[in-house]
Amino acid sequence: MLFPEPKTDFTQLNNMIMESVTAKAVMAAAELKLFDLLSGGRLTLADIADKAGLVPERLEPLLGILAAVGLLVRDGEGYANAPMGEEYLVSSSPLYQGDFLALTMGFSASVEQSLLKLLAGGEVNREGTDRGWSEDRAMNGSAQDALRGGARAVADAAASLPGFETFREMCDIGGNHGLYTMAVLDRNPALRGTIFDLPSVVEHSARRCERLGYGSRVRSVGMDFREETLPEARYDLAVASHVLYAFKADLSGALRKIADGLKPGGWFISHHSCGSDGPDKTLPEACLELVTRLAGYASHFIGREELAAALDEAGFEPPDFRSIPGREARLIACARKC
C-alpha cells in the first residue's frame with residue numbers, strides 16, 4: 001500500500017532519537033561555561049554570544065534546548081540559570097557535575113560507536129575501561145557523583161555501627177578518588193584508611209588525598225583485587241563503593257577475601273546500585289546495564305537477595321540494608337564478620 005495509515009503515534013519514537021541531541025547540547029553548554037556566565041544574573045542572547053565568542057543565530061536554539069529541559073529560565077529580558085543549572089553546572093558550585101556528565105557520556109560513547117559489533121559478539125575492551133578510571137577527569141567525575149550524597153550516606157552508615165569510635169584501621173577497595181574514605185575518617189579522628197585500587201589509579205588517589213589534607217591519614221596501595229588479597233585480619237572496617245559489580249562471576253569469593261582482611265567482628269559496607277524491584281528496569285537503568293555489559297562487566301546491579309546470599313556464604317551475619325533518600329536505586333549494605 002503506497003499510503004498506509006499509521007495505527008500508533010510516532011512522536012515518542014521521534015523524541016527518543018532527538019534526546020541524543022539534547023545530551024550533547026547540555027554537555028556543549030557546560031564545556032563552553034555558559035552556566036558560569038549566567039551565574040547569579042541574567043543576560044540577553046547578544047550578551048551571551050558576545051561573552052562566549054559564539055554566533056547568536058546558532059546559539060539561540062541551543063539555549064532553547066536548555067530552557068526546554070529546565071536548566072535555563074527564559075523571559076523577555078533574556079536568560080538566567082534555573083536552580084538545577086545553577087547547582088550542578090556552574091563550575092564553582094560545590095556540587096558541580098560537569099565532569100560526571102562527561103564521564104557518563106564518554107563511557108557510553110565508547111560502546112555506542114561499536115554497538116552493532118559488540119552485540120554480535122565483538123571483543124569488549126575491559127582492560128581499556130579499567131585504565132580509564134585513572135584519568136584525572138574520570139576520577140573527578142566519579143568524585144562529583146559521590147558528593148551528591150553517596151559519600152555522606154556511607155559515612156553516616158559507618159558512624160552508626162556499634163563500636164565505631166574504637167575503629168582504628170579501615171580499607172576502601174577500589175577507592176579511586178578517596179572521598180568515601182575521607183568522609184568516614186571525618187567521623188573518627190583516630191581512624192586511618194588504606195585505599196586499594198589498580199596500580200594505574202592509586203598515584204592519582206594519593207595526590208588527591210594529599211591535596212585535600214588527608215595525606216597523613218590515608219595510604220594508597222596498588223592492587224588488582226581479582227588476583228591479590230588483603231592483609232589478613234587487619235581492618236575494623238572495609239568499604240566498597242560501586243565495585244562489587246566487577247566480581248559478580250564469583251561474588252561470594254570476593255566477599256570471602258574481604259572477610260579475610262577484617263578483624264573478628266569487623267564490618268563491611270557496600271554501596272552499590274540495586275536497580276528497581278522486579279525484572280523490569282527503568283529506562284535509565286536499562287541503558288546503564290547495556291553500556292556496562294558491553295564494556296566488559298557482568299552487570300551494574302546487585303539485588304538485595306543476591307548480595308545477602310553471597311554475604312552469608314562468605315561468613316558474614318545477615319546485612320542491614322539502607323536506601324539513600326532521593327536515590328532509590330542506590331543501596332547501602334552493612335554486614336558484620338561472623
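Where is the place of Lys33? Lys33 sits in the loop between H1 and helix H2 (34–37).

The model is predicted, with local features requiring pLDDT of at least 70 and side-chain atom pairs counted only at pLDDT 80 or more, while totals for chains, interfaces and linings use all residues. Residues are numbered from 1 along each chain as its sequence is written, and side-chain values use heavy atoms, without hydrogens and water.

**View 1. Lys33 in the loop between H1 and H2.** Helices (H or I, at least four residues) and strands (E, at least two) are DSSP runs, numbered from the N terminus. The phi angle of Lys33 is near 60 degrees, a positive value in a residue other than glycine. Most residues other than glycine have a negative phi. Lys33 has 36% relative accessibility and therefore counts as partly exposed; buried means under 20% relative accessible area, exposed over 50%, and partly exposed in between (1.4 Å probe, protein chains only).

**View 2. Asn176 in the loop between strand S4 (169–173) and helix H10 (179–185).** Asn176, a residue other than glycine, has a positive phi, near 50 degrees. Asn176 is buried because its relative accessible area is 7%.

**View 3. The packing of helix H1 (residues 11–31) and H4.** The angle between H1 and H4 is about 105 degrees, and their axes are 10 Å apart. Axes are lines fitted to C-alpha atoms, for helices over the stretch in contact, and angles run from 0 to 180 degrees between N-to-C directions. H1 and H4 are therefore roughly perpendicular to each other (under 35 degrees counts as roughly parallel, over 145 as roughly antiparallel, 65 to 115 as roughly perpendicular and the rest as oblique). H1 contributes Val21, Thr22, Ala25, Val26, Ala28 and Ala29 to the contact, and H4 contributes Leu62, Ile65 and Leu66; contact means heavy atoms within 4.5 Å. By class, the contact of H1 with H4 holds eight nonpolar residues, one polar and no charged. Ala, Val, Leu, Ile, Met, Phe, Trp, Tyr, Cys and Pro count as nonpolar, Asp, Glu, Lys and Arg as charged, and the others, Gly among them, as polar.

**View 4. Val69 in the loop between helix H4 (56–68) and strand S2 (72–75).** Val69 counts as partly exposed because its relative accessibility is 38%. Residues up to four places away in sequence aside, Val69 touches Thr22 and Met84. Val69 and Val26 are 43 residues apart along the chain, and their C-alpha atoms are separated by 9.4 Å.

**View 5. The packing of helix H12 (residues 251–261) and helix H14 (residues 304–314).** The axes of H12 and H14 are 8 Å apart, at an angle of about 50 degrees. The two helices are therefore oblique to each other. On the H12 side the contact is made by Leu251, Ser252, Leu255, Arg256 and Ala259, and on the H14 side by Glu306, Leu307, Ala310, Leu311, Glu313 and Ala314. Seven nonpolar, one polar and three charged residues make up the contact of H12 with H14.

**View 6. Gly265 in strand S8 (residues 262–273).** Gly265 has 21% relative accessibility and so counts as partly exposed. Neighbours within four places in sequence aside, Gly265 is in contact with Arg336 and Lys337.
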